[in-house]
Amino acid sequence: MAHILVVDDEANIRRVVREYMEFEDYEVTEAENGMEAVNLCRENDYDLIIMDVMMPRLDGYSACKEIRKTKSIPVIMLSARGEEYDKLFGFEIGVDDYVVKPFSPKELMARVKAVLKRNANGENFQNQDKYVFEGLEIDVPGREVYVNGQKASMTPKEYDLLFFLVKNKNIALSRDRILEEVWGYDFFGDDRTVDTHIKMLRNSLGEYRKFIVTLRGMGYKFEAV
């Protein structure tokens, strides 16, 4: 049974989310601000966090970045702001999905199930090998990447994306295929999600960004000997 942390300063939203989560037999813990969420994550492990952006004491983005220092827990962010740059900023700090308020509880449940499924698939993939391409070392079981001996700081989704590309080395991959395999068939995103994360991944790889080749009008390929 998945254990979900629901973080929102509005008690009514926490109540509604809890009701739907418990109906699906998920265990739920509540927090009313980002600081409380950070402290709970230091003491406990959760399978997923549903977190509001605008909260007192510590906002959702700051709380997410703090939690990411020690835990790789999937995060679905809730926000009344739906501008593209808000979503992109969330993805850049490692948010797995983004839901705009007011939202449908049923849609939120669908996203929760999709993220939990993707995370489970990612755990299965971690049992693969280690790879070395010149000064780029990729430790799949340990979920670590080293660039010229220095450990790269990457979001969980960057790791998943890189591992998928490497697993399919020298194979042309469409954006749709990448979305399906890395984010899941039921992901509520589009091609820009892939492009944004490819850009982030290339920045993390430094000079070894050269291995990720853009296939114009199609997608990407990890090209290496």
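Start by selecting Asn148, which sits in the loop between E8 and strand E9 (150–151). With a relative accessibility of 45%, Asn148 counts as partly exposed. Keep in mind that you are looking at a predicted model. Now check the backbone here: phi of Asn148 is positive, about 50 degrees, although the residue is not a glycine. Why stop for that? Because most residues other than glycine have a negative phi.

Next, click on Glu134, in the loop between strand E6 (130–133) and E7. Its phi is near 55 degrees, again a positive value in a residue other than glycine. Is Glu134 buried or exposed? At 55% relative accessibility, Glu134 counts as exposed.

Now hide the loops and look inside. The largest nonpolar core has 30 residues. To find your way in, select Leu136, Ile138, Val145, Leu162, Leu165, Ile178 and Phe222, the residues with the most contacts inside this core. Then colour the elements that each supply at least two residues to it: strands E7 (136–139), E8 (144–147) and E12 (219–222), along with helices H6 (156–167), H7 (175–183) and H8 (191–205). Which element gives the largest share? That is H6, with seven residues.

Zoom in on Ile138 for a closer look. Setting aside its neighbours within four places in sequence, Ile138 is in contact with Asp129, Lys130, Tyr131, Phe133, Glu144, Val145, Leu162, Phe163 and Val166.

There is also a second, separate core, this one of 23 residues.

**H6 against H7**

Back to H6, this time together with H7. Two packed helices are described by the angle between their axes and the distance between the axes. For this pair, the axes come within 10 Å and cross at roughly 120 degrees. H6 and H7 are therefore oblique to each other, and H6 passes H7 in a right-handed crossing.

To see who meets whom, show these side chains:

- From H6: Lys157, Asp160, Leu161, Phe164 and Leu165.
- From H7: Arg177, Ile178, Glu181, Val182 and Trp183.

Colour them by class and you get six nonpolar residues, four charged ones and no polar ones.

Is Lys157 buried or exposed? Its relative accessible area is 6%, so Lys157 is buried. Not counting residues up to four places away in sequence, Lys157 touches Asp96, Arg118, Val182, Trp183 and His197. Try the distance tool too: the C-alpha atoms of Lys157 and Cys41 are separated by 20 Å, and the two residues are 116 residues apart along the chain.

From H7, move on to Gly184, in the loop between H7 and H8. At 15% relative accessibility, Gly184 counts as buried. Which residues does Gly184 contact, leaving aside its neighbours within four places in sequence? They are Arg118 and Leu179. Draw a line to Arg118: the C-alpha atoms are 6.1 Å apart in space, while the residues are 66 apart in sequence.

**Val140, in another loop**

Now find Val140, in the loop between E7 and E8. Val140 is buried, with a relative accessible area of 1%.

**H2 against H3**

For another helix pair, select H2 (residues 34–43) and H3 (residues 60–68), which pack at an angle of about 15 degrees with their axes 9 Å apart. That angle makes H2 roughly parallel to H3. H2 passes H3 in a right-handed crossing. On the H2 side, show Gly34, Ala37, Val38, Cys41 and Arg42; on the H3 side, show Ala63, Glu66 and Ile67. By class, the residues of this contact are five nonpolar, one polar and two charged.

**Last stop: a cis bond**

Finish at Pro102, in the loop between strand E5 (97–100) and helix H5 (105–125). Look at the peptide bond from Lys101 to Pro102: it is cis, with omega near -10 degrees. Most peptide bonds, by contrast, are trans.

Notes: Residues are numbered from 1 along each chain as its sequence is written. This is a predicted model: local features need pLDDT of at least 70, side-chain atom pairs count only at pLDDT 80 or more; totals for chains, interfaces and linings use all residues. Side-chain values use heavy atoms; hydrogens and water are left out. A nonpolar core is a set of buried Ala, Val, Leu, Ile, Met, Phe, Trp, Tyr and Cys residues joined through side-chain atoms within 4.5 Å. Buried means under 20% relative accessible area, exposed over 50%, partly exposed in between (1.4 Å probe, protein chains only). Helices (H or I, at least four residues) and strands (E, at least two) are DSSP runs, numbered from the N terminus. Contact means heavy atoms within 4.5 Å. Axes are lines fitted to C-alpha atoms, for helices over the stretch in contact, and angles run from 0 to 180 degrees between N-to-C directions. Angles under 35 degrees count as roughly parallel, over 145 as roughly antiparallel, 65 to 115 as roughly perpendicular and the rest as oblique. A crossing is left-handed if the near helix is turned anticlockwise from the far one by less than a right angle, and right-handed if clockwise. Ala, Val, Leu, Ile, Met, Phe, Trp, Tyr, Cys and Pro count as nonpolar, Asp, Glu, Lys and Arg as charged, and the others, Gly among them, as polar.
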